[in-house]
Amino acid sequence: MGNCSQGCKDYFSRQKNTNIRLTLPVVCFVWQIAMIILFGVFIRYDKESNAHWVETKAHDNITSDIENDFYFRYPSFQDVHVMIFVGFGFLMTFLKRYSFGAVGFNFLIASFGLQWALLMQGWFHSLDPQTGKIFIGVESLINADFCVAGCLIAYGAVLGKVSPVQLLVMTLFGVTLFAVEEYIILNLLHARDAGGSMVIHTFGGYYGLAISRVLYRPNLHQSKRMQGSVYHSDTFAMIGTLFLWMFWPSFNSAITDHGDGQHRAVINTYLCLASTVLTTVAISSLSQKTGKLDMVHIQNSTLAGGVALGTAAEFMISPYGALIVGFFCGIISTMGYIFISPFLEKTLKIQDTCGIHNLHAMPGVIGGIVGAITAAAASESVYGKQGLINTFDFTGDFKDRTVLTQGGYQAAGMCVSIVFGVVGGAIVGSILKLPIWGDPADENCFDDEVYWEVREPATHHLLQPHSP
């Protein structure tokens, strides 16, 4: 028994090999070929993107192409797509020597994840029982981006500490878990979560934190020299912050009902984000003896309001209510970076590179609570009878549900997202811990040179005098 235990210990502690010349191409080629085959079998255009749209218009008495869902949803899709590939990518460029990994690996896992998400979400949400096909349109693309967002959030916890192969494996399982928990929360529990406080942020946050805990590196201090930021890397990260901050109203409103719900979601998110900035700046200044601001807080905590208002964005929370949510989110998120992050690393051994607990997990839980309270407090006098039905989709099997019951199911949805994130992350983390994925050694974390060709500027040539 002792020999077996020692053998396992030696296996997991053997010297790291970061040469992924074979594994990364094999995974990319095999998985992309699998996507092509699965799309060929299952994926088809929906009626609004099919060439038979002309016949559909005539059959449904549609008089203009402007009524095609594309024209309602595409502007929001553009904004969400920019958030996924530019916002998330550049937000993670704060590390002084990991900008290629931040933007490049973000690009890689998002490109794979959105394909897998279209399949997984299609199988759970839109599989036609008669044809066995999944019909996709512009709203499917938005939902796939939402699904990918959960995996990019999780990436933030392990940024600089894992290989691209591990990230692809993490995305494969993350998208799968996301599709299941999304189906449970939105379809079975019938909770409302337009901006994904629970489904996206809470799940993605705890999924990443659980993986980071399992992959704990006791000697990570050996890479401490690479873990900080420099002036230009913080500036690049702020670009990501501003893209996310500007487009977050689109993120929270992208799949809400046309009309008042979408309009209200934009207004509420817009106000909540603005309020968050002021309280973030206030707490950041108060936390320093000299009153100076910490760029980490400004890059991250200013976005927490958008996360926290995701569930209640389309509810009648009122403009001042949105400001209140943002007010407290800025305080709580910034305090998280100051006090909770060190506690998580020192006591719970969770090495959270980007602080996703403070930007996504904790504000996501706040969003779930705000959504549950707001739903339970909804009344016909505020929403109107039809407005109450439309906002909470009290139709079909749920036509007799009361607002108090809805509030309870909203809270249950939050619990489901936490459980899926923690348990799923622990299982996936155990898989990623196998020493076969080419992850870096403790002394080589947070360094682009491990997986990228880094061409340094030849500054020494510039200092040499020109020969005559």
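1. Thr391 is located in helix α17, which covers residues 385-392. The model under discussion is a predicted one. With a relative accessible area of 6%, Thr391 is buried, because buried residues are those under 20%. Beyond its neighbours within four places in sequence, Thr391 is in contact with Arg192, Arg264, Glu314, Phe315 and Tyr383. Ile267 stands 124 residues from Thr391 in sequence, and their C-alpha atoms are 16 Å apart in space.

2. Thr374 has a relative accessibility of 13% and counts as buried. When residues up to four places away in sequence are not counted, Thr374 touches Ala312, Phe315, Ile317 and Tyr383.

3. Gly122 is placed in helix α5. Gly122 is buried, at 3% relative accessibility. Not counting residues up to four places away in sequence, Gly122 touches Ala117, Leu127 and Ile134. In space, 28 Å separates the C-alpha atoms of Gly122 and Leu388, and in sequence the two are 266 residues apart.

4. His190 is not a glycine, yet has a positive phi of about 60°. His190 sits in the loop between α7 and α8 and is buried, with a relative accessible area of 8%. Ser318, likewise not a glycine, has a positive phi of about 80°. The loop that holds Ser318 runs between α13 (304-308) and α14. Ser318 counts as partly exposed, at 22% relative accessibility, because the buried class is limited to values under 20%.

5. On the overall fold, the chain contains 19 helices and two strands. Its radius of gyration is 23 Å, close to the 23 Å given by the globule rule for 468 residues, so the chain is as compact as a globular protein of that length. The C-alpha trace spans about 75 × 70 × 55 Å along the principal axes of the chain.

6. Burial and surface may be taken together. Of the 468 residues in the chain, 50% count as buried. The accessible surface comes to about 21,800 Å², and carbon and sulfur atoms hold 65% of that area. Among contacts in the chain with a separation of 6 or more, 82% are between residues 24 or more positions apart.

7. The largest pocket has a volume of about 1,000 Å³. Its lining consists of 43 residues, and those nearest its centre are His125, Glu139, Ser140, Asn143 and Ile255. At least two lining residues come from each of α4 (69-91), α5 (99-126), β2 (134-136), α6 (138-158), α7 (164-188) and α8 (197-214). By class, the lining residues of the largest pocket are 17 nonpolar, 15 polar and eleven charged. Helix α5, one of the contributors to this lining, is also the helix in which Gly122 lies.

8. The second largest pocket has a volume of about 730 Å³. Of the 37 residues that line it, Gln227, Glu345, Asp352, Thr353 and Cys354 lie nearest its centre. Two or more lining residues are given by each of α4, α6, α9 (224-227), α12 (295-300), α14 (319-346) and α15 (356-376). The largest share, six residues, comes from α14. The lining of the second largest pocket comprises 19 nonpolar, twelve polar and six charged residues.

9. About 40 Å³ of space lies in the largest cavity. Its lining is formed by Val158, Lys161, Val162, Ser212, Leu215, Arg217 and Gln351. Three of these lining residues are nonpolar, two are polar and two are charged.

Key: Residues are numbered from 1 along each chain as its sequence is written. This is a predicted model: local features need pLDDT of at least 70, side-chain atom pairs count only at pLDDT 80 or more; totals for chains, interfaces and linings use all residues. Side-chain values use heavy atoms; hydrogens and water are left out. On a 1 Å grid over the protein atoms alone, a cavity is a set of points where a 1.4 Å probe fits but cannot get out, and a pocket is an open set with protein on both sides within 12 Å along at least five of seven lines; lining residues have an atom within 4 Å of a point. Grid points are joined across faces, edges and corners, and a volume is the space filled by probe spheres set on the points. Ala, Val, Leu, Ile, Met, Phe, Trp, Tyr, Cys and Pro count as nonpolar, Asp, Glu, Lys and Arg as charged, and the others, Gly among them, as polar. Helices (H or I, at least four residues) and strands (E, at least two) are DSSP runs, numbered from the N terminus. The radius of gyration is taken over C-alpha atoms; the globule rule is 2.2 Å times the number of residues to the power 0.38. Buried means under 20% relative accessible area, exposed over 50%, partly exposed in between (1.4 Å probe, protein chains only). Contact means heavy atoms within 4.5 Å. Accessible areas come from the Shrake-Rupley method with a 1.4 Å probe; for residues, only the protein chains shown count as cover.
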